[in-house]
Amino acid sequence: MTVPTEDLRVRRLRARLQEAGLAGSFLVRDLRTGRQLAIDPQERYAVASLVKVPLAMAVLERVATGEIDPARRLRVGPGDPALVDRPGPPGTGRFRHAVDVAVEDLLYLAVALSDSTAADALFGLVPPADVGAYLAAVGVEGIEVRHPVGDLNATPAERLDAAEGHLAHRLAIGTGTADGGHAVAQLDLTRASTATATALADLLEALWAPVAGSAGDTAVRPEVALRVRSLLGLNVMRQRLATELASDAARWSSKTGTLLNERHEAGVVEHDDGGVLAVVALTRSRVPAVVQPVAEAEMAAVARGLHDVLRAG
């Protein structure tokens with residue numbers, strides 16, 4: 001149940017986003033009680049690399065049924081010669097030579113390192129439509145999986161020199177329409193893989209049901225949920241919400257997503273006192289810059305603020 005009124009503390013967090021040049025959809029849900037706090041949780045966003053989480057679930061489902069051998073090796077790479085030396089996430093997309101990698105190791109690369117080349121090798125085994133069918137089968141609604149993640153590497157940013165990246169961001173900021181259309185295909189909500197904060201929280205709730213004490217409420221196989229939780233716990237991208245939610249007394253497991261002026265993260269914080277909270281932050285910046293440490297810091301602060309208000313009761 002959503003806390004019914006947006007109190008002064010939440011309104012201040014909403015204003016903080018606006019002052020930082022961000023639009024945002026946030027949701028924090030207590031997975032033990034169902035109580036939640038949110039800012040525009042039904043707003044739909046292109047989710048970029050967050051789609052690797054349902055992909056991993058669908059692949060592991062087929063591993064569990066024996067349809068996919070986790071030791072099967074797939075040929076991946078080499079990366080695009082024009083992109084391997086440009087700033088960006090790590091992974092096999094930066095390799096200069098092709099390699100053979102086992103399915104189980106591709107899952108680690110795709111989720112923990114956000115390796116898009118590894119993810120697309122897995123999409124070759126379980127296409128986007130099949131991932132969507134899997135989500136429907138386990139009762140998770142509101143996540144549209146429409147394309148491999150490699151398509152995200154064909155934005156205007158990849159066609160410009162690194163020093164001109166701000167121009168791609170200006171295009172991303174200025175060419176959207178009120179109904180979700182966009183000149184950049186990867187940001188067009190009718191063509192991109194999309195989700196809402198509510199749908200992503202539902203996905204996390206299905207994965208953490210055994211931990212939160214509601215295992216009977218999920219159709220996700222226990223072994224699938226366990227492995228995906230483990231992979232999310234190994235996430236090396238720690239520059240966003242982890243700065244506010246991880247501590248010696250709280251374990252933060254998550255997946256990030258980045259696409260031009262959009263920065264996202266979705267995960268679960270498990271407190272030593274037994275608290276288990278899903279936290280989803282989807283943001284869109286109005287600042288035409290490639291590197292935005294203020295945006296990273298502000299989205300983390302707002303997520304932590306909602307978390308603390310909910311924890312305070």
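A residue counts as buried when its relative accessible area is under 20%.

**Figure 1. Overview of the predicted model.** The structure shown is a predicted model. Of the 313 residues of the protein, 53% are classed as buried. Eleven helices and nine strands make up the secondary structure. Where contacts link residues at least 6 apart in sequence, 69% of them join residues at least 24 apart. The protein exposes about 13,400 Å², and 51% of this area is supplied by carbon and sulfur atoms.

**Figure 2. The open sheet of five strands.** The strands follow the order E2-E1-E9-E8-E7 and pair in the antiparallel sense. Strand E2 (36-39) and strand E7 (250-259) form the edges, each pairing on one side only. From one strand to the next, the twist averages 10°.

**Figure 3. Pairing of strands E1 and E2.** Strand E1, which spans residues 22-30, is joined to E2 by four bridges in an antiparallel arrangement. Within this view, Leu 27 stands opposite Ala 38 of E2.

**Figure 4. Helix H8 against the sheet.** Helix H8 covers residues 197-212. Helix H8 lies across E1 and E7, and also across strand E8 (262-271) and strand E9 (276-285). Relative to E9, helix H8 runs at about 155°.

**Figure 5. The cis peptide bond at Pro 78.** Gly 77 and Pro 78 are joined by a cis peptide bond, with omega at about 0°. Pro 78 belongs to the loop between strand E4 (73-76) and strand E5 (99-102).

**Figure 6. Asp 40, a residue with positive phi.** Asp 40 is not a glycine, yet its phi is positive, at about 50°. The residue is placed in the loop between E2 and strand E3 (44-46). With a relative accessible area of 36%, Asp 40 is partly exposed, because this class lies between the limits of 20% and 50%.

**Figure 7. Ser 114, in a loop between two helices.** Ser 114 is found between helix H3 (103-112) and helix H4 (116-125). Its phi is near 55°, a positive value in a residue other than glycine. The relative accessibility of Ser 114 is 8%, so the residue counts as buried.

Definitions and conventions: Residues numbered from 1 in each chain as written. Predicted model: local features only at pLDDT ≥ 70, side-chain atom pairs only at ≥ 80, totals over all residues. Heavy atoms only, no water. Pairing = 2+ DSSP bridges. Axes fitted to C-alpha atoms, helices over the stretch in contact; angles between N-to-C directions. Contact = heavy atoms within 4.5 Å. Buried < 20%, exposed > 50% of the residue type's maximum accessible area, 1.4 Å probe, protein only. Areas by Shrake-Rupley, 256 points an atom, 1.4 Å probe, with all protein chains shown as cover.
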